[in-house]
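Trainee: I should like to go through the terms used for this model and the reasons behind them.
Mentor: Let us begin with the structure itself.

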Amino acid sequence: MRESFARFAVLAGTLLVFAAVWWVIAAAVNNPREIVGPVQTGTAFVRLFTDPPLTRLLASGLQVTITSILLGFALAVVVGVPVGVLMGRYLVVDLFCDPWVNIWYSIPAIAFVPLAMNWTGVSATSSVIIAFLITVFTVIINVYSGVRNVSGSLVDCGMAYGATQTQVMTKIILPATLPNIMVGLRLGISRAIEGVIIAEMVFTVVGLGGVMDDAADNLQLALSGALIIVLAIVSLAFAEVVKHMTTRAVAWKESQAMVRE
Amino acid sequence: MKSSAGTPFSVKLGIFAASLGLFIVVWEVAALSAGNSLIIVGPVPVLQALISLLQNHLPGGTLGIQGADDAILQTLATILFGFILACAVGIPVGLVMGRWKKAEMLIDPWLSAAYSIPIVILIPMLYFAIGADFFAEVFVTFLITVSTIIVNTHHGVKYVSNALAEVGKSYGASERQFMAKIILPASMPDIISGMRIGMGRAILAAVLAEVLLSGNGLGGMMMTFQDVLDTPYMMAVVLLIALMGIAVLQLPKLLERRLFRWREMESLSRGIGR
C-alpha cells in the first residue's frame, strides 16, 4: 500500500516536472514556430474533442490507424505462430526458413515503406502490409525459440504413452510454448503500432499519423502536439490490453515459476 | 527436440542455397506476373542498378542528390554516432538505476514512457526544435536507441546474483571495485544484448530521420528514387539498406564473441526488445 502510494507520488511528480520543464523551455525559446508550450498543446487537445471539424478529423484518422494496427497485428499472429511452430518442430523447415527470418527481421521498418507504396499506393493497405512485415518476424522468432526449448522429456513422455503427432502438437508443444507466444505478441503489438505510425508519417495523408505530420508541416505545432498525445494514449492502451491478455493466458505457468524477489 | 547443431555444414549450405534459389524464382515470377515496372521489378534490373550505384553512377532525373558513397558514409556515421552516444549515456544510467533503488524510482516512469510510446512520433515535431542537419539526425538516433540500452543494462544489474554481491561486500570491496569488478562483468551479457537490439533501433532511427528530416543519406536517396518512380534504383537502395543493416548488426555480435569466448552462446540473455 505504502509502496504503491510512493509509486503514484513519483509518477505524479514526474508528470509535473515534465510539464514544468516543457513550459520553461517553451517560455525561454518563446517562438511558437520552434516549440509550443504545454498550455497551448493542452488547449489544442481539448479543441480536438470540442471543435466539430477537428473531432471529425480525429475520429476518421483514429479509425484508420486503429484498424491498420489491428489488421497488421492479427495477420502477423495468424501467419507467424504456425510458421514458428513448424520451424521449431521440423528441422528441414528450420534450416530452410531460419536465415530468411533473421535477414528479414534485421531490415528496418522504413525500408518496407517505398516497397509497399509501389504495391498498394499511399493507402491504409500499405500501412497494414508494413505493420505485418515488421511484426511477423518478431512473432516467428519468439514462437520458434519457445518450441525449441520445450523439454524433450515432455515430448518423450507423450510419445511413450502413444500420443499421435496432432496430440503432441496440441497437448504438449503448444501449451508449453504459450509463454513465448505471449512474449512474441507483446513485442509484436508495439512493433505493429510503430510500423503503422512510421508508414503514416511518410504517407502524410493516411490516418492519425498523417494528420499529425500534416499539422506539423502546416506549422500547427499545438495541434500536432495534441495528436502526439492521442497517439501515445492509443499505443499505451494497445500495449496494456495485450499485456493484460497475455498475463492472464500464462498465469498458470507463472504460478509454477520460481519466486523472484 | 531435434537440434540444428548436429547438422553438417554442407547440408545447411545446400538447404540455404535451395531457399535462396526459391526466393529469387518467386521474386522473378512476381515481377513477371505484375508486368509493371512501377510495382515491382525482377532481381536482374535491381542488381544492375545496385552495381551502377556502387560505381557512383546515378540515373537521369535525380540531379542534386548525393552519390552513393557519400550517402552510405553519412548513414553509417549517423548510425554509429547516435549509437555510441546512446551507449555512453545509457549504460551509466542503467548501472545507477540497477544499483540504487531511489534512482530507479525516479527514472523508471520516464523510461517506461519512452519504452511504451513509439518515440518515432516525435520526429516531425523535433524538426522545428532541432532542424534537419547531421546533428539533428544523430540526436534522433540517440533518442530512439538510448531507452533500449538503459532498460537492458538496468535489467542486467538488477538481477546480478546476490551471492556474487555478498562475496564482494564481505571481502571489503570499495564502491568503485564493487561496480567495476562485480556488477559490470556480471551484467555484461545483458548490456551486450541491449547493444544488439539497440543497434537495430539505431539503423531504423537513422534511416527514418533521413526520410523525414533531411532527405540525405540512404533514406533520402530511397525516397528520391521512389518520387521519380525509378523502381530498380529504389529497390537497389532498399537492398543496400538491408545489407548495411545486417552488416552493422554484426558489430555487437563480434563484441559478444570476443568478450564471452569462454561461455556457451545459447546461455546468454536474449535481451528486452520492442
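Predicted model: local features only at pLDDT ≥ 70, side-chain atom pairs only at ≥ 80, totals over all residues.

Trainee: Which secondary structure elements does chain A hold?
Mentor: Chain A has eleven helices and zero strands. Its C-alpha atoms fill a box of roughly 75 × 55 × 30 Å along the principal axes.

Trainee: Why is α6(A) called roughly antiparallel to α8(A)?
Mentor: The axes of helix α6 (residues 124-148) and helix α8 (residues 165-203) of chain A cross at roughly 155° and come within 7 Å. Angles over 145 degrees count as roughly antiparallel, and therefore α6(A) is described as roughly antiparallel to α8(A). Their crossing is right-handed.

Trainee: How do the residues of that contact between α6(A) and α8(A) divide?
Mentor: There are 14 nonpolar, twelve polar and two charged residues in the contact.

Trainee: What shows that the span of helix α1 of chain B agrees with its number of residues?
Mentor: Helix α1 (residues 9-34) of chain B has 26 residues, which at 1.5 Å a residue should span 38 Å; the end C-alpha atoms lie 37 Å apart, so the two values agree.

Trainee: What makes α1(B) hardly covered?
Mentor: The count of buried residues among the 26 of α1(B) is two. Just after α1(B), Gly35(B) takes a positive phi of about 60°.

Note on methods: Residues numbered from 1 in each chain as written. Chains lettered and ligands numbered in written order. Axes fitted to C-alpha atoms, helices over the stretch in contact; angles between N-to-C directions. Helix = DSSP H or I, 4+ residues; strand = E, 2+ residues; numbered from the N terminus. Parallel < 35°, antiparallel > 145°, perpendicular 65-115°, else oblique. Left-handed = near helix turned anticlockwise from the far one by under 90°. Nonpolar A, V, L, I, M, F, W, Y, C, P; charged D, E, K, R; others polar. Expected span 1.5 Å × (residues − 1). Buried ≥ 20, exposed ≤ 12 C-beta atoms within 10 Å, placed from the backbone.
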